[in-house]
Amino acid sequence: MPAPATTDVALIGAGIMSATLGAILRRLEPDTSITVVERLDAAAAESSDPWNNAGTGHAGLCELFYTPQLPDGSIEIAKAVRVNEQFQVTRQFWAYAVQNGMLEQPPDFVQPIPHVSFVRGADGVDYLRRRHRALAPNPLFAGAEFITDFDEFATRLPLMAAGRDADVPLALDWAPHGTDVDFGALAKQLIGYGVRHGTAVLFGHELRSIGRESDGSWTLGLGDRRTGESRRLNAKFVFVGAGGATLGLLRKAGVAEVRGLGGFPIGGRFLRCGSPGITGAHRAKVYGAPAPGAPSTTAPHLDTRVVNGASWLLFGPFAGWSPKFLKHGRATDLPRSIRFDNATSLLGAGIRERALVGFLIGQLRQTHSARIDALREFAPDALDRDWSPIRAGQRVQPIRGGRLEFDTTIVSSADGSIAGLLGASPGASTAVPAMLEVLARCFAGRFAGWLPRLEEMVPSLGTRLSDEPALFEQVWEWGTRQLQLHPAAGDPL
């Protein structure tokens, strides 16, 4: 058998996580050999594809499940602040990448879109008012407006106001500085930067085996899905950013941190509309609260999306289910993932998450008309004929100790030679801090030497911007200028 090809770094999956890590490493170590392995025939064709996610640059501005009400009536804002701090790191890296020619034409991947929280009823209005007051002193949330006047609501969100009873109390928490992000376009640009500077990409190649060598490196067994040919690739460091396939690949590699973890696949569906007369009446990402007993990731939202320069609206998500761990996966993914060490955890999740299981069953039974009825909670005059269903991405929620985990988590081997990312939310929007964590864990001996360059990429690195309003203002304005995010004249921002 011929000797394997060699690379310093192997990135499994060509989505936003691998693209981000590869671009940072290429900037830090220009001479490092990097190889991206992608089972599909294009980059960002799974979770990072713009139609497989809501495109929200998650910053905790509008997601009500990040700010729960505590038993004493106070509002817990810690998670919203943490997510916003993480997004600021990502945003700064994007600005640096544009400034240094790593990314081109920011409007191709990021647009200024208000992020808005929406509630109805006296109790909802009271909660949102208290949430607004709790967040307002933090500089990262400054500028948000609390709106209860129906006429102002109708001016800003005419699609949502049309046909609505003006006597029912409602409220908006309007954050003008949100974004819509095409993570697919962004990932492709980052991978393109890597390729221009020596990164190799193997499309249509699937990782089928992974084994440890005596020198600590990893030999990857790859299969060409088009020709059936096999090849081997030896890597000193492996990052697995393969979405729902990550957990299984890390198990193959024997990473101790994932022992006992199970995975539960949850699919997503949206309603989509591209009619200019409708999309022109709604320019915002508007989030409501999750239904009782539903997971936080199912909070309903009516989103403006900009894909390939065209404006669309998405409403959802509606849960779907498939045993596949990837949208382009196999029906045997779930049964093949069950092992002796995770079977108890999977069974425990089925018992503990009965409400979730009931919610999923209810979602699977929904007809198109029932989904349109749900949309009418946001857009009362919505018509069936204007909206079509689309199948979004497939995500795998890790199960630990019989409980589903919904956060994004980095796992790695004890020696840092292999790492991966599990979970889904807030996911892509926090790609840069997640990949910086990978670097700090897995390249501990070199990380200190990289800090000067990393601080160029992320000027606030290591600083809580919530505690440094002057620094936040500086990096925010710099990022806004580089990413061309100043609102157009006449926008109600």
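## Aromatic pairs, strands and turns

Trp-51 is buried (under 20% relative accessible area, with exposed meaning over 50% and partly exposed what lies in between, for a 1.4 Å probe and protein chains only), and its relative accessible area is 18%. This is a predicted model, in which local features need pLDDT of at least 70 and side-chain atom pairs count only at pLDDT 80 or more, while totals for chains, interfaces and linings use all residues. Residues are numbered from 1 along each chain as its sequence is written, and side-chain values use heavy atoms, with hydrogens and water left out.

**Aromatic rings**

A search of the whole structure for aromatic pairs, that is, rings of Phe, Tyr and Trp (its six-membered ring) with centres within 6.5 Å, where planes under 30 degrees apart are stacked, over 60 edge-to-face and the rest tilted, finds 13 of them. One of these joins Trp-51 to Trp-312, whose ring centres are 5.3 Å apart with planes at 80°, so the pair is edge-to-face. Helices (H or I, at least four residues) and strands (E, at least two) are DSSP runs numbered from the N terminus. Trp-51 lies in the loop between strand S2 (34–38) and helix H2 (78–99), and Trp-312 in strand S15 (residues 310–320), so the pair ties together parts that are 261 residues apart in sequence. Trp-312 counts as partly exposed, at 25% relative accessibility.

The rings of Trp-94 and Phe-109 are also edge-to-face, because their centres are 6.1 Å apart and their planes at 80°. This pair links distant parts of the chain, with Trp-94 in helix H2 and Phe-109 in the loop between H2 and strand S3 (110–112), 15 residues apart. Trp-94 and Phe-109 are both buried. Elsewhere, ring pairs gather Phe-118, Phe-150, Phe-153, Phe-315, Phe-318 and Phe-378 into a cluster.

Charges also sit over rings, a term used if NZ of Lys or CZ of Arg is within 6 Å of the ring centre and within 35 degrees of the ring normal. Arg-272 lies over the face of Trp-51, 4.5 Å from the ring centre, and Arg-371 lies over the face of Phe-318, 5.5 Å from the ring centre.

**Strands and their partners**

Two strands pair if DSSP finds at least two bridges between them. The pairings described here are as follows.

| Strands | Sense | Bridges |
|---|---|---|
| S11 (residues 230–240) and S19 | parallel | three bridges |
| S18 (residues 409–412) and S19 | antiparallel | four bridges |
| S4 and S6 (residues 170–175) | antiparallel | six bridges |
| S4 and S13 (residues 285–287) | parallel | three bridges |

Strand S19 (residues 418–422) has five of its five residues buried, so the strand is largely enclosed by the rest of the structure. Ile-418, Gly-420 and Leu-422 point one way from S19, and Ala-419 and Leu-421 point the other way. Gly-420 of S19 stands opposite Val-240 and is also the bridge partner of Val-411. S18 and S19 form a hairpin with five residues between them, and Gly-416 in its turn has a positive phi of about 75°.

Thr-246, in helix H7 (residues 246–252), is buried, with a relative accessible area of 0%. Leaving aside neighbours within four places in sequence, Thr-246 is in contact (heavy atoms within 4.5 Å) with Val-240, Gly-241, Gly-420, Leu-421 and Leu-422.

Strand S4 (residues 115–120) is mostly covered, with five of its six residues buried. Arg-120 stands opposite Leu-170 in S6, and Ser-117 stands opposite Tyr-287 in S13.

**Helix H14**

Phe-447, Trp-450, Leu-454 and Met-457 are buried in H14, and the buried residues of H14 pack against helix H1 (16–28), H2, helix H13 (431–442) and helix H15 (469–482).

**Backbone details**

A cis peptide bond, with omega about 0°, joins Gly-316 and Pro-317, and Pro-317 lies in strand S15. Ala-44 has a positive phi of about 55° although it is not a glycine; Ala-44 is found in the loop between S2 and H2 and counts as buried at 5% relative accessibility. Gln-105, likewise a residue other than glycine, has a positive phi near 50° and is placed in the loop between H2 and S3.
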